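Trainee: I have a structure to learn from. Could we go through it by question and answer?

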Amino acid sequence: NVSVPSTGQRVTFINDGLVAFTGGKILTLSNLNNVTVSGAGESATDRGFAFTNSTYRAIMMSGAINNFTLQNMLFKNVGDYVISYVDLNSKVYTGEPGSFVSNLAFLNIDADNVGPLIYLGGDVSSNSFIGLIKKLEIANLTCINSPNPGSVVSVGDVEDFDIHDNYVNNVNSQNTNHNGIFFVRGNGKFYNNKVTNHQGNAIRSWPYSITKKGKVEIHHNIVYNSSQYGAFE
């Protein structure tokens, strides 16, 4: 478990050698501000945190999490949500501090034979924004050989997403329903991604305005060999 005060200077948790979570062990992260959890202790390309062989979840986030980075992680044979932030489903946006979270980054993550890789709860209803994230980066993610995650990345409510330089191959081979490999509600950018040999849209992007125009930029992506659905929705 990692829980640190919500104020103060940035704190970095970094590996010294391989940190292995096997057989269902879970890392829980709660009430964080200005925190980086990094597996780059040996080198910038290292995956020093490894989560393997679990039928349940790997990393569970809760509480108020802001200015947070999770990076240089490996996940293999994880059957449920791999990284989840379900608490967002209970946070209603009012414009006031505490009604949203901000500045989240998920970088340099490798996954092989997993369920949904990143699930960040939230939604939009007829009268409220729920679980709003302001500024989100997802980059240098690899997800391969996963027969039915549905959405590799699902983000329920976001302003200013930056999703780039990710690689997804051989996913959703068992699925026939309408999926988005990246399913994102909100506005932002999706570029330099490669999605191949898959089922579902590369991105299902549902844009709308919150405090900024509901604009989504999609460019410089490579998408091919989809068994169902076009590259972009």
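Mentor: Start with a rule: rings of Phe, Tyr and Trp pair if their centres lie within 6.5 Å. Keep in mind that this is a predicted model.

Trainee: Which residues do ring pairs link into a cluster?
Mentor: Apply the pairing rule to the rings. By this rule the count comes to nine aromatic pairs. Ring pairs join one cluster, made of Phe21, Phe49, Phe51 and Phe75.

Trainee: Are the rings of Phe21 and Phe51 stacked or edge-to-face?
Mentor: Planes under 30 degrees apart count as stacked, and over 60 as edge-to-face. The centres of Phe21 and Phe51 are 4.4 Å apart, and their planes meet at 15°, so the pair is stacked.

Trainee: How many residues apart in sequence are the parts that this pair ties together?
Mentor: Find the strands. Phe21 lies in strand E3 and Phe51 in strand E5. Both residues are buried. The pair therefore ties together parts whose separation in sequence is 30 residues.

Trainee: What kind of aromatic pair do Tyr93 and Phe100 form?
Mentor: Tyr93 and Phe100 are both buried. Their centres are 5.9 Å apart, with 70° between the planes. An angle over 60 degrees sets the class. The pair is edge-to-face.

Trainee: Which residue lies over the face of Phe100?
Mentor: Look for a charge above the ring. At 4.6 Å from the ring centre of Phe100 sits Lys134.

Trainee: Is Thr36 buried or exposed?
Mentor: Thr36 sits in strand E4. Buried means under 20% relative accessible area. Thr36 has 9% relative accessibility, so it counts as buried.

Trainee: Which side chain does a polar contact join to that of Thr36?
Mentor: Begin with the contacts of Thr36 beyond four places in sequence, which include Val11, Phe13 and Arg10. A polar contact of 2.9 Å links the side chain of Thr36 to that of Arg10.

Trainee: How far is the backbone oxygen of Thr45 from a polar atom of the Arg47 side chain?
Mentor: Arg47 is in the loop between strands E4 and E5. From a polar atom of its side chain to the backbone oxygen of Thr45, the distance is 3.1 Å.

Trainee: In which sense do strands E12 and E14 pair?
Mentor: Four bridges connect E12 and E14. Ile144 has Asn169 in E14 as its bridge partner. The sense of the E12 and E14 pairing is parallel.

Key
Residues numbered from 1 in each chain as written. Predicted model: local features only at pLDDT ≥ 70, side-chain atom pairs only at ≥ 80, totals over all residues. Heavy atoms only, no water. Pairing = 2+ DSSP bridges. Helix = DSSP H or I, 4+ residues; strand = E, 2+ residues; numbered from the N terminus. Polar contact = N/O pair within 3.5 Å; in protein donor to acceptor, adjacent residues only side chain to side chain. Buried < 20%, exposed > 50% of the residue type's maximum accessible area, 1.4 Å probe, protein only. Contact = heavy atoms within 4.5 Å. Phe/Tyr/Trp six-rings, centres within 6.5 Å; stacked < 30°, edge-to-face > 60°. Lys NZ or Arg CZ within 6 Å of the ring centre and 35° of its normal.
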